[in-house]
Amino acid sequence: MKRPYSPVAIRHRFVYVIAWCLATLSLPGQTDSMWQQYHQAQHLITIAQNDSALGVLRALDQDLTDLAGATATPVPDWMRTFRLLIRLERTEALLKKRDNAAATVALLELIDDATAAGTHEITVQAYLRMAHIHQRQQRPSDCWKYLDLAGELIDTYGLKSLAPQLYNRSAAYHRHFGDPALSLQYAQRALATARELDDTHQLALSHFNLSLYYEESNPRRGEYHLQEAAEYYRHTGSATDYLIMTMVLTGLRIEDGRLEDALAVNDSALVYAGLVVSPDSFFLSRVYDDRATILKTLGRTDSAWHYLQLARAAELRQLETAIEDRATEIEAHYLAEKQRDLIARQREQFAQNRNQQQRRYLFFIFGMAVVGFALYKHSRLQAAKAALGKQELIEAQNQQLAQSLREQKMLQGEVHHRVKNNLQIIIGLLTLQLKEVDDPRARASLEAMSGRIYSMASVHEILYREGRAGEINFSQYARQICNHFELLSKLPRASVIELSTGDYWFNLDTAIPLGTMFNELVTNSYKYATNHQGALHLYVSLTEEEDGKTFCLTYRDNGAGFPEDILAGKGGGLGTYLLKGMSRQLRGRVVLENDGGAVTRIYFRRKNQHKSRGRKKRYSPASAPIPATA
């Protein structure tokens, strides 16, 4: 059985018949160019150049008007139908521009004329577009009224080729006004009928509606339908629609935290944006914005800043182009009206005085040349002013951004300073409370709590003092913690502290858990490893494992070592619980053993930190396994 034609194929065949009629009729005018203009307008709408498409359609309608005026016979049916198609494309361009008021007026007039002419396919499409407008304006009853009218015409005249459009529009209606179940049913019906009719555009739109339905309940399935829609648009040459799908996919993967996948899809969007949209397009600005967001989250701030500048430049070009297009349209309309008036006056004067007409014609040509020269000079001056204004705007923005950056650095330092001061106040309160507590266990708990708070305060103190992009040097931090405990201790001999921690920098998300674990280790050493005649000896090293992603903090003292129940994992207090909990935060583990004293090895990874230039051995989080042995 032969497969029915899709709505697009039917319309193209109908216009081919019109083109054949134009070619066989001996009428004045360039009939071949009308067909080219019509498809040029469709292409311009596809690539979002709606103002240009409206200009082409307006010129084509004027050509038909002139052609009809040049014939003595009544206007043929093909010409009336062709003009209805032109008006239908005009409403599509207005809808894409979101000019709802102008689109509504044009559609209501088109519905009346198409109904009178008996072109039911055009009437149905006009009904569906009116439903779209009412959906935008939050009018469910009016929207459903036009959907119902379109359905009646499709059923009455057997317009099965338009059924997928009706189902997709109905799915959007129910999704928008709160009936997800019906939205799913209509989207599935649209998918089935579009496959049957081989209507690839509506098939892609059906997948898009299904992706919106499953967006919340089943994100993976929603993403599958979105990818299917993108593939249909890519293979059918609908580059602009494919670009839109890739932009939606990019947003979904950014929200889902799959930044590498989002970056890959954004690469495709960037390629297609360069192919189908102009440098002043909204789509290009959105693609650059998404890329800047991804790169910023990945820690690639320089690249993110570059694409953010490109996005702002595209927005500026878009605004300038809109202003220039509007001015050019008004100017062209004015000149066209003026030219028609002059031609009319010349025709009237031609019958009266040929010589006078020739003189005026020459004067008109001279005047147009002067106006053209003046317009050329004016445009050059305006372009120079615009370039100067753009440069001044960029300089002002750069100054504003620099000032904002300085303020942010100052505020960040102030925040760390205040946090450190607040923690110091808490430590002071705990110290005052210690003077009133006689119970040894309670005093030990308060002293341990004071030490833990001091470990966090030290992080903020170093951040405030160093001010290096929110990171601290672990070697400097470990030295400060050890010195603090040495000053507080009452040991008869000075402790021997050996640090071999390299030059590693960690952000706040890594430094706080790591510092808490280190504080617990030092606390335990000063509490349990000092019951002997010699001096307390501490050895601390920080090394990087061979996988390039895991670190090992080795802490050793010369005390009596861990009890057997601790080594067996059957005992331990809050300190042991903190060690294990904090190591899990850093996707690591803790290994305890006795070797001439207590030895603790903590394996961990950086958290929320990525590679950057100018800092030693900076790695991003990964899912590689942590080594099973020390």
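A crossing of two helices is left-handed if the near helix is turned anticlockwise from the far one by less than a right angle, and right-handed if clockwise. Keep that handy for the first stop.

Before you click, note that this is a predicted model, where local features need pLDDT of at least 70 and side-chain atom pairs count only at pLDDT 80 or more, while totals for chains, interfaces and linings use all residues. Residues are numbered from 1 along each chain as its sequence is written, and side-chain values use heavy atoms, with hydrogens and water left out.

**A helix pair**

Select residues 508-528, helix α19, and residues 574-585, helix α21. Helices here are DSSP runs (H or I, at least four residues), numbered from the N terminus. Their axes, lines fitted to C-alpha atoms over the stretch in contact, are 9 Å apart at an angle of about 155° (on a scale from 0 to 180 degrees between N-to-C directions). So α19 and α21 are roughly antiparallel (over 145 degrees). Turn the view: α19 passes α21 in a left-handed crossing.

Now show side chains. Pro513, Thr516, Met517, Glu520 and Leu521 of α19 are in contact (heavy atoms within 4.5 Å) with Gly575, Leu578, Leu579, Met582, Ser583 and Gln585 of α21. Sort these contact residues and you get six nonpolar, four polar (Gly counts here) and one charged.

**Two loops**

Most residues other than glycine have a negative phi. Select Gln138, in the loop between α6 (120-136) and α7 (140-157): its phi is positive, about 60°, although Gln138 is not a glycine.

Next, hop to Asp198, between α9 (180-197) and α10 (200-217). Asp198 also has a positive phi of about 60°.

Note on methods. Parallel < 35°, antiparallel > 145°, perpendicular 65-115°, else oblique.
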